[in-house]
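Colleague: Hi! Could you walk me through this fold?
Modeller: Happy to, here it is.

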Amino acid sequence: MSTLDAQIKPALDSRRDRGILRRLPSSSALRDAITRADFSSNDYLSLATSPSLKARFIEKIGSFPRILGSGGSRLLDGGTLEHAELEERLAAFFKSPAALLYTSGYDANVGFFGSVPAEGDLVIYDELIHASVHDGMRTSRAARIPGALQPFKHNDVDALRSVIEGAIRTQPSFEEGTGSVFVAIESLYSMDGDIAPINAICDVVDKLLPAGNGHIIVDEAHATGIYGPQGRGIVAYLGLESRITARLHTFGKALASSGAVFLTSATVREYLINYSRPQVFTTAMSFSTVANIHAVFDMLEYGEYLPYSERLQGLARYFVEQFLAHHRRYASSRQEKAPVEVDVRNQTTQTSVTKPKANTNLRKAASASLSIREKQTPTRGAIRPVVTLSTAERYLLSPLLSVLKSSNATMFAEALWLPVVRVQAASKAQDGDQRDAEHEPGEAFLFENGCAVFWGIEEDDARRFLDNLVRKNGVEIGRYAEEEIEEVEFVADASEKTRLQGDLIILGESLPLSNPEELLPSSLPTPSLPETTLPARYAYSEALARSTALSAIETGVEEFLSGASRLPESLSATGKPGLGRTEIIKRMGLLLKFRQRIFLNPQNFTDMPEVYWSEAVLEKHFNQMSEALEIKSRTQLVNAKITYAVELQSVMRELLTEASGHRMELIIIALIAVEVTLAFIREIPELWKQFRGQEHSIERGRH
């Protein structure tokens, strides 16, 4: 044993004795592991084994002039066109001023925290932050001053506030803008599986550091590809890109590649290029890796990742449900109360096929609202429902407005607004009698696209109210056999900012409108909910209505594809469609009706409504809900399914044409046969005469 081996062996023995010795598996162990279930992989979406990603990668790498290596570090021969184009694409995709590639997320964190925080700056970090952040901070110039690196209790906003306030007391210049304060957090913490209260953290930093020297750095390694519109992460889901100084997204987890991108300002990017040692002295990522990243971001942009994401969410729900079921049975057998409680709100597993909107980011990030739900304050009201129902292809609002004039109903932008909706609920008294009890009033917005959004009204009450309203007055066009529904909740709290947090709408402080006279009715009825947040409620309602109307169309597409699903298999197996002529015609009619609903829908599903063009605040509310419901990516997916449906329609049309051609041939043959028969019948007397005449001639010849 060498002197070096002898020197380090005691440390290894100590780890072995404590059961914490790290090992790499042997090749034989890895061969055996191929057939085992994997519960610890970073390949969250299973894209590493995706045939679609593999095909995209092969196509992409085939278009690259170079495949192997990269040529050196980015500052030498590694600064290629391929790397620059990828950075430009990522900056646009993540809506960031600039982007900088790193060969790993570890290098990116070490590079930023090791170079940017200067002497006299303060770095505050969540106690469960990634190890790479710790390694970077320790090598920074800020670490030269004792106390410059301060942890705060995990996901505890009050603890963060205390650390910042303590730093300001020690160094008042922070409040004046001298020196930077960096706050390092992760959006999703992998070990605990919880989500950071990023909205609240932004509010605390902005309030305590009004000079703008508070900088929030968010590590999105575990959220990339899983949460947010197109998998852009939780910051994008919350619409906070402009309030975050820098974001880190890695490609080695859900995206089945390697490397990372640091999203920040152009100035910070330039600084990192000059001072981040991992950036300066590391060989750039290979061309094959660049091609792989392009391929996977194609899947994100085109919505092809959604089935993988939905499967992951389904597995998570199933695990939680089974875990709780087994835990409850175990606790019951022990006759003791369960020691833990797990919030599984909106995480129930359904036996039926889930609606396309059931796995949107609104549902995935529901836990972000827990900090509001679990903490009651004197200014916070009760949590109440927001129910959106889509019952028909269209509502005729003008005749309905005439009917409802006496109830203070009025047009608000593009919706019919009912400022006060009162419902009666049957409640059972202790003596068993039924008596009417009036719920707290709410309000409703009815949109021309066949959707109604109820605020403060329970689902069953909303259904009854809407049935009586639209059916009784005959204002529905194309009623659905089964209505679509979307449910969220809201709470009023004047001390908070109006926003969407998780699946909870918070109605609080509202900024003034730019042109209130153009949006608000000239005579505003007294609403049942705060008048100050009325425009925000409308913006959220319009996004909810758009999503629910889209869900109805998604259901229509699925019905068509399900009905025509036997066609490809039957054609490949038998050469016959497997559908009768009548059924084929019905399927074609269903597609035509569906496409009519797409193109004649009163609301476009991707364009920004005109009402928000001059109202940036309302546009933000509308966009936040639209992105949470993934309206854009769902619309792209529907369009892709429509394209496939059109192909099926073309096949059906050709089959009908071919079948019609065969029938026409048979008809022509039959007509010829009939004509010949008729001609034969007409000529029988003459033929008989000729035949008899020939017979007499023959007899005379014999004589």
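Colleague: Let's start with Phe 445: what does Phe 445 stand opposite in E14?
Modeller: Phe 445 faces Val 453 in E14. This is a predicted model, where local features need pLDDT of at least 70, side-chain atom pairs count only at pLDDT 80 or more, and totals for chains, interfaces and linings use all residues. Residues are numbered from 1 along each chain as its sequence is written, and side-chain values use heavy atoms, with hydrogens and water left out.

Colleague: How many bridges join E13 to E14?
Modeller: Five, and the two strands run antiparallel; strands pair if DSSP finds at least two bridges between them. E14 covers residues 451–455. Strands here are DSSP runs of E with at least two residues, and helices are runs of H or I with at least four, numbered from the N terminus.

Colleague: What about the turn in that hairpin?
Modeller: Three residues lie between the strands E13 and E14, and Gly 450 takes a positive phi near 85 degrees.

Colleague: How many residues of E13 are buried?
Modeller: Six of its six, in the run 442–447. Buried means under 20% relative accessible area, with a 1.4 Å probe and protein chains only.

Colleague: Which ones point which way from E13?
Modeller: Gly 442, Ala 444 and Leu 446 point one way, and Glu 443, Phe 445 and Phe 447 the other. In a regular strand, side chains alternate between the two faces of the sheet.

Colleague: And what does E13 do with E10?
Modeller: E10 (residues 415–421) pairs with E13 in the antiparallel sense over five bridges. Leu 418 has Ala 444 in E13 as its bridge partner.

Colleague: What is the strand order in the sheet?
Modeller: E9-E10-E13-E14-E8-E15-E17-E16, an open sheet of eight strands with mixed pairing. The edge strands are E9 (410–412) and E16, each pairing on one side only.

Colleague: Switching to helices: at what angle do H4 and H13 pack?
Modeller: H4 (residues 81–93) and H13 (residues 287–301) pack at about 25 degrees, with axes 10 Å apart. Axes are lines fitted to C-alpha atoms, for helices over the stretch in contact, and angles run from 0 to 180 degrees between N-to-C directions. That makes H4 roughly parallel to H13, a label for angles under 35 degrees.

Colleague: Which residues of H4 meet H13?
Modeller: Glu 82, His 83, Leu 86, Arg 89, Leu 90 and Phe 93 do. On the H13 side, the residues they meet include Phe 287, Phe 297 and Glu 301. Contact means heavy atoms within 4.5 Å.

How values were computed. Parallel < 35°, antiparallel > 145°, perpendicular 65-115°, else oblique. Buried < 20%, exposed > 50% of the residue type's maximum accessible area, 1.4 Å probe, protein only.
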